[in-house]
Amino acid sequence: MANKYPHTPDGRYFVAKDRLWRCTDPRLTDEEKRCHVKALMKARRAVRSAQQQDDKEALRQARLGVQEAKEALGERGPVWWQDGAPDEGGLAPHNSSYAQWWASYS
């Protein structure tokens, strides 16, 4: 079975909806990852609740919680790799440094 979300050869990104999305920092322990994912899910539920209640301040706080959890996971904020390569998250793989890999993958 083919991987639903192909990962770049260096493990930094996966591809979904024709965009590169940054992977979780592989240096995190299972416990750290579990803790941050739990915080992320809680914040996402808070976003949904705030939207349903049309509470702008609660929505702002909930979105901040999502951002903090995503940064803790390494999926946003400073990159977790240390070779100086830029963050290409959000780019179409064919318009990135992964274009050759993507062409051979798809």
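Guide: Strands here are DSSP runs of E at least two residues long, numbered from the N terminus. The model is predicted.

Visitor: Which strand gives the largest share of the lining of the largest pocket?

Guide: The lining includes L20, W21 and R22. Strand β2 covers residues 19-22. With three residues, the largest share of the lining comes from strand β2.

Visitor: How many residues of that lining are nonpolar, polar and charged?

Guide: Among the lining residues are F14, K70, E75, R76, D87, G89 and G90. Asp, Glu, Lys and Arg count as charged, while Gly counts as polar. The lining divides into three nonpolar, two polar and five charged residues.

Visitor: What is the volume of the largest pocket?

Guide: Rolling a probe the size of a water molecule over the atoms shows where empty space is left. For the largest pocket, the volume is about 170 Å³.

Visitor: Is Y13 buried or exposed?

Guide: Buried means under 20% relative accessible area. Y13 has a relative accessible area of 0%, so Y13 is buried.

Visitor: What kind of aromatic pair do Y13 and W81 form?

Guide: A search of the whole structure finds eight aromatic pairs. For Y13 and W81, the centres are 5.7 Å apart and the angle between the planes is 65°. Planes over 60 degrees apart count as edge-to-face, so the pair of Y13 and W81 is edge-to-face.

Visitor: How many residues apart in sequence are the parts that this pair ties together?

Guide: Y13 lies in strand β1, residues 13-16. W81 lies in the loop between α2 and α3, so the pair ties together parts whose separation in sequence is 68 residues.

Visitor: What kind of pair do the rings of Y13 and Y98 form?

Guide: Their centres are 5.6 Å apart. Their planes are at 70°, so the pair is edge-to-face.

Visitor: Is Y98 buried or exposed?

Guide: Y98 has a relative accessibility of 8%. The cut-off for buried is under 20%, so Y98 counts as buried.

Key. Residues numbered from 1 in each chain as written. Predicted model: local features only at pLDDT ≥ 70, side-chain atom pairs only at ≥ 80, totals over all residues. Heavy atoms only, no water. 1 Å grid on protein atoms, 1.4 Å probe; cavity = no way out; pocket = protein on both sides within 12 Å on 5 of 7 lines; lining within 4 Å. Points joined across faces, edges and corners; volume = space filled by probe spheres on them. Helix = DSSP H or I, 4+ residues; strand = E, 2+ residues; numbered from the N terminus. Phe/Tyr/Trp six-rings, centres within 6.5 Å; stacked < 30°, edge-to-face > 60°. Buried < 20%, exposed > 50% of the residue type's maximum accessible area, 1.4 Å probe, protein only.
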